[in-house]
Each structure stands twice: as structure tokens, then as C-alpha cells.
Amino acid sequence: MGEFLSVMGPALAASLLLAAVFVYFGLHIVRRGVIFVDLALAQVAAMGGTVAFLLGYPLDGQGAYFFSLAFAFFGAVVFTLVRSREEAVPQEAMIGIVYAFAAAATVLLVDKAPHGAEHIKYLLVGNILWVTWSTIAQLFAVILVVALFHFLFRRNFFLVSFDSEQARREGVSVALWDLLFYLSLAWVVTTSVQTAGVLLIFSFLIVPAVCGLLLSNRLRIGLLLGWLVGSAVSLAAIALSYGWDLPTGAAIVCTFGITLLLIAVLKRFIVG
């Protein structure tokens with residue numbers, strides 16, 4: 001156990017932090033029906049990191065981080081602007097277009113970079129096994145600030161996500177709180193993407209939240225169950241990757257997928 005914690009402890013701590021923050025955001029995103037918004041934001045952030053890399057900044061440096069953050073914030077503004085009350089064009093369609101553009105642009109950019117294939121792999125699955133405690137401290141600080149902000153203004157955030165018409169009737173600016181939601185999500189995603197990668201972030205954001213909602217119709221219970229699923233799956237997947245010498249990020253993504261399938265089957269055939 002001591003050897004396991006010394007080797008995998010930072011990756012486990014990072015996974016628990018990601019589960020803690022992304023389950024909350026995941027509930028909002030599932031309710032909003034913009035399932036791929038985090039994937040798009042992560043890809044846009046990755047495109048920003050790729051631009052920084054081509055300009056000579058190391059991928060794990062502050063320069064690449066601020067490039068990624070600027071690109072992700074721009075994506076957050078775009079997603080706020082494309083949401084309309086009438087929704088003649090679903091917001092998810094625009095999000096998909098942004099994701100496809102960012103992914104294609106990243107491929108074009110890394111084609112000019114040495115070791116482009118390794119760069120793409122790094123962006124997709126990250127390098128959570130080699131995360132450092134200083135990186136975890138930075139991630140924790142960002143999550144703490146975002147969590148405090150969302151707690152203080154939780155009513156507006158939940159109202160805009162779960163009942164936007166009621167928010168309008170009460171005079172709450174849906175556009176403003178949409179922007180603040182996407183900006184805060186973009187900040188967390190950007191801080192996480194260099195460690196976890198695009199695919200792992202998507203799994204942490206969506207799978208535990210969906211599992212929680214499948215297991216309970218009550219928001220608070222669904223949130224707690226999502227946290228439990230996210231934490232338990234992270235621990236199990238990291239233990240499997242350590243014992244079987246598997247890539248840690250990919251192991252977590254696949255374990256999340258298997259867990260969701262099992263819970264969906266349980267819900268369908270046992271619970272009803």
C-alpha cells in the first residue's frame with residue numbers, strides 16, 4: 001500500500017479533485033442539454049496550448065497555460081452568444097461545430113510541429129500519472145475560488161440552468177450568468193487539460209453526473225451519488241492501472257464507461 005500511494009498518490013489526489021468539481025458542473029451541463037460543451041472548451045484550450053507550443057513555449061509551462069486560458073475564455077464567450085431563447089439552431093449544434101473546428105485546427109497546427117503524434121496523444125489523454133503536487137495545489141486553488149463563487153451565487157446559477165424562463169421573469173440576466181458559468185468552467189477545464197487530457201475531462205464531467213441522475217431524481221442526492229461514483233471509479237481505475245501496468249488516463253476513461261453501462265442496466269432491468 002505504501003508503494004502504491006507513493007507512486008500513484010498524486011494521480012489519485014488529482015482524480016478526486018476533478019471528480020469533486022466536475023460532477024457539479026456536469027449536473028448543470030446535462031440539465032442544459034449541452035453535453036459536449038466541456039469537450040469543446042477542452043479542445044479549444046488544447047488548440048491554444050498548441051499555438052503556444054509552436055511559438056516555443058513548453059507544454060507544461062505558464063506561457064502555454066495562459067494561451068490555453070485565453071482561447072478557452074474566447075470559447076466561453078462564443079457559447080454564451082450562440083444561446084438563443086427561441087433555439088432555432090440548437091446550442092449543441094454550434095458547440096459541435098466549435099469542437100470540430102478546434103480539433104481540425106489543432107491537427108493542422110501539430111502537422112507543422114516535431115513529434116506531432118506525441119503531442120496529439122498528450123492532449124487527448126494527458127499525463128495524470130506524472131502530475132506533481134505543485135500542479136495539484138494550483139488545481140485546488142482554482143477549484144476553491146470557483147467553488148466559492150458558485151456557492152455564493154448558487155441560486156442564480158441553478159435558476160439559469162434549471163429554469164431559465166423563471167430566471168427571466170425574476171429579472172435575472174440569463175446571458176450574464178451564462179457567461180459567468182462558461183468562464184468559470186473554462187478556467188477549471190484549462191487548468192485540468194494539461195494534466196488530465198481532453199477525453200479524461202469529458203469523462204469526469206459527464207459520466208459521474210449521469211450516473212448520479214440515473215440513480216436518483218433528487219438533485220442533492222444525485223450530486224452526492226455522482227461524487228461517490230467519480231471517487232470510487234477513480235480509485236478502482238488507478239489501482240487497476242498500477243496493478244496491470246496500464247495507461248492511467250485511458251484506464252480511468254474506460255472504467256467510467258463500464259460503470260455507466262452497469263448502472264444503466266441496473267436502472268433498466270432491476271430498479272425499473
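Trainee: What makes Asp178 buried?

Mentor: Asp178 has a relative accessible area of 2%. Buried means under 20% relative accessible area, exposed over 50%, and partly exposed in between (1.4 Å probe, protein chains only). The 2% of Asp178 is therefore in the buried range. The model is predicted, so local features need pLDDT of at least 70 and side-chain atom pairs count only at pLDDT 80 or more, while totals for chains, interfaces and linings use all residues. Residues are numbered from 1 along each chain as its sequence is written, and side-chain values use heavy atoms, with hydrogens and water left out.

Trainee: Why is the contact of Asp178 with Arg32 called a salt bridge?

Mentor: A salt bridge is a side-chain nitrogen of Lys or Arg within 4 Å of a carboxyl oxygen of Asp or Glu. The closest N and O atoms of Asp178 and Arg32 are 2.5 Å apart, so the pair meets that rule. Asp178 lies in helix H9 (residues 174-196) and Arg32 in helix H1 (residues 2-32), so the pair ties together parts 146 residues apart in sequence. Helices here are DSSP runs (H or I, at least four residues), numbered from the N terminus.

Trainee: Is Arg32 buried or exposed?

Mentor: Arg32 counts as buried, because its relative accessibility is 15%.

Trainee: How many salt bridges does the rule give?

Mentor: The count is three. One of them joins Arg168 and Glu165, at 3.1 Å from N to O. Both residues lie in helix H8, three residues apart, about one turn of the helix.

Technical notes. Helices (H or I, at least four residues) and strands (E, at least two) are DSSP runs, numbered from the N terminus.
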